[in-house]
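My entries are kept in the order in which I made them.

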Amino acid sequence: MSIPMEHGLLLAGILFCIGLTGVIVRRNIIFILMSIEVMLNACGLAFITVGARWGAADGQIMFMLILTIAAAEVAVGLGLLLQVHRRFHSIDIDQASSLRG
Amino acid sequence: MTDLLWLIPLLPLVSFTVLFITGGRLPKIWVAALGVGSIGVSALMVGVILAQWNSVPVTQTLFSWINVGGFNPKISFYLDGLSLTMLSVITGVGFLIHVYSSLFMEDEADCSRFFAYMNLFVSAMLVLVLADNLLLLYLGWEGVGLCSYLLVGFWYDDPANGLAARKAFVVTRIGDTAMALGLFLLFLHLGTLDIQPMLAEAQVVWPDGGTLATIAALLLLGGAVGKSAQLPLQTWLPDAMAGPTPVSALIHAATMVTAGVYLIARTHELFLLSDVAMMTVAMVGLLTSLVAAFSALNQTDIKRILAYSTISQIGYMFLALGVGAFASAIFHLMTHAFFKALLFLAAGAVVYSLHHEHNIFKMGGLRKKLPVAFWSFIIGGAALAALPPTSGFFSKDAILLAAYEVDPWLWAGGLLGALLTAIYSFRLVFTVFFGEVNTEPSEPAGRRMSIPLMVLGFLALVGGAIHVPVDQVFPVPTEVEHDSLIAIITPLVPLLGVLIAYLIFLRRSVDLSSVLDSTVGKAVRQFFFSHWAMDWLYHYVFVVPYTFIARINRNDIVDMVYEGVANLSTILHYCVSFTQTGQLRWYVATMGLGLILILAIALGVL
């Protein structure tokens, strides 16, 4: 039994919006990073769903790429997190606002 | 020798550069040697060229100056009889004046600066008369204007001198602007500024004159009027007497102020195309000579009398140009350079011995004390008044007779001017050198000042015998048998003037004090003393409205547009920088909103 494409895309859209809301609402950098992961995986799900619908391998290849980028992003993000914590003694993203115009 | 023509203007320029760069660190004897020597060598070279002259014009092209789209003026010199005459006057009289200055300016701390400017002036003047195209001529034209400014304001410690220099510069600039417009017009319609091809082209393009030829000639006349201190731009010359006396002799009597005469003589083919232009030149000359002569009658400052007489004599040259007697104009230019330089230098010698006293009524009885200055003034005054057999007689006589041929009224006006000239020049001579001694003079000037006076005195006396080599340059005037009555009256009028001056100022047998001291007489005298109130008029007609507008426009109306642009950018800058909160979450939210907006537009929802 195959899942209809609309369901997959709807789920991906809902996941993306949840992740975006997390990024906007959360002040803790760790949670922001996690929300970004959710957004990335929502994109991945959309690729997989559409790839399955057309019976093409492109969607799976894109998902592999997103997976790798997500891993790299987490590494960089955690490094930045450490730096932010060292400089501001907090992991509240609103503290790091010295680029205010 | 003509191969080395380019050296003649270059030598004074080199000397200027050396004096300018060393800036007064050279010993004074070197400064004088360099300043006088460079002009001396140039004068010598001109003398050799003059001796070998065979009336064949020489063109010497040095290099291309500008080359843009068919506009190709060159640094190129053109030597014919006219420019050779000018060369001789500039280097010859210039050399004598430099010799004189070497003593006159000896005590001056800024002697080096003085000679530097004088050399630069001579160089620019030589470029002016040698120029093969009008653009190079214009370069020399502006160069002499600059030097005039620098030298009038030479004693810059006194603000009055600076003001006089500025006035000279600004007033001549009005004429220069007209001349520049004339050059544009000529280039636009004739396609070249090289003088000889341009004049030939003018006769082809405007065969029977017409409006454009008249306008071009009048614009050139505007430049000439400014530089030569003619109506209505003559007010700067009397004030220019603020400069040292050798400057007045060289720049404001012998050479620079005659540049306008040279310009018109140089482009006379253009002026001949238009009767209106020729008549304007003649009228300007006649009116100026009369206006200035009336003013000269009432002055008390020895140099101002000479300044007004210069304006008046250049008026005669313009009159000669206007009636087509170009050779007579150049002849009068040369004799005027001799006798007016002589008068100025002699006046300088008087002033020098009287500790800078300029008022002629505080002088008197200097005949025995300063014999060289006295005889210089007698010769110079006689030549200025055109008494036979001095040089001034021959040149002015020729001008007046030529004027008679065109219009007897021009002759009559010129004759009235000649009468006034005789009266005011001998009023000066009688007041300064005869009568009682009012101020005791110190030692008379030394040899370096008296020898140039003697040489110039000799030239002013016998200069009438010199034949100016301009026969090939100008159309030959038709020989006319003059009415014998006219030919007799013309030379007699100056003698009458001298007699009147003798009776009034020396014998005092004619007492005019009751007339002169009446209310009307005083008012008239004040009117002439102030040079027909022209300075007053110009002050209220031009200067006051100009400063008024300048004051209104202090904040620059045109600038407001640009300030508005700047203010708008600043406001926009604050709007945009307001969005830069530094809050990451705010950026994300706005990006998301923006994305939604773009998607909505792309999908056609909005």
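The entries below go from the whole chain to a single residue.

**Entry 1: the chain as a whole.** I note at the outset that this is a predicted model. I looked up the secondary structure of chain B and found 25 helices and 2 strands. I then took the box filled by the C-alpha atoms of chain B, which is roughly 110 × 55 × 55 Å along the principal axes.

**Entry 2: burial and contacts.** Chain B has 606 residues, and 53% of them are buried. I also looked at contacts in chain B with a separation of 6 or more; residues 24 or more positions apart account for 80% of these.

**Entry 3: surface and charge.** I find that chain B exposes about 26,200 Å², of which carbon and sulfur atoms supply 69%.

**Entry 4: a nonpolar patch.** On the surface I located a nonpolar patch with about 800 Å² of accessible area together; its members include B:Met1, B:Trp6, B:Leu34 and B:Phe63. Which elements of chain B each supply at least two residues of the patch? I list helix 1 (7–22), helix 2 (28–51) and strand 1 (58–64). Helix 1 of chain B gives the most, with 4 residues.

Entry 5: Is B:Leu10 buried, partly exposed or exposed? I record B:Leu10 as partly exposed because its relative accessibility is 32%, and that class lies between the cut-offs of 20% and 50%.

Definitions and conventions
Residues are numbered from 1 along each chain as its sequence is written. Chains are lettered from A and ligands numbered from 1 in the order in which they are written. This is a predicted model: local features need pLDDT of at least 70, side-chain atom pairs count only at pLDDT 80 or more; totals for chains, interfaces and linings use all residues. Side-chain values use heavy atoms; hydrogens and water are left out. Buried means under 20% relative accessible area, exposed over 50%, partly exposed in between (1.4 Å probe, protein chains only). Contact means heavy atoms within 4.5 Å. Accessible areas come from the Shrake-Rupley method with a 1.4 Å probe; for residues, only the protein chains shown count as cover. Patches are made of residues with over 30% relative accessible area and no salt bridge: like charges are joined within 9 Å, nonpolar side chains (Val, Leu, Ile, Met, Phe, Trp, Tyr) within 5 Å. A salt bridge is a side-chain nitrogen of Lys or Arg within 4 Å of a carboxyl oxygen of Asp or Glu.
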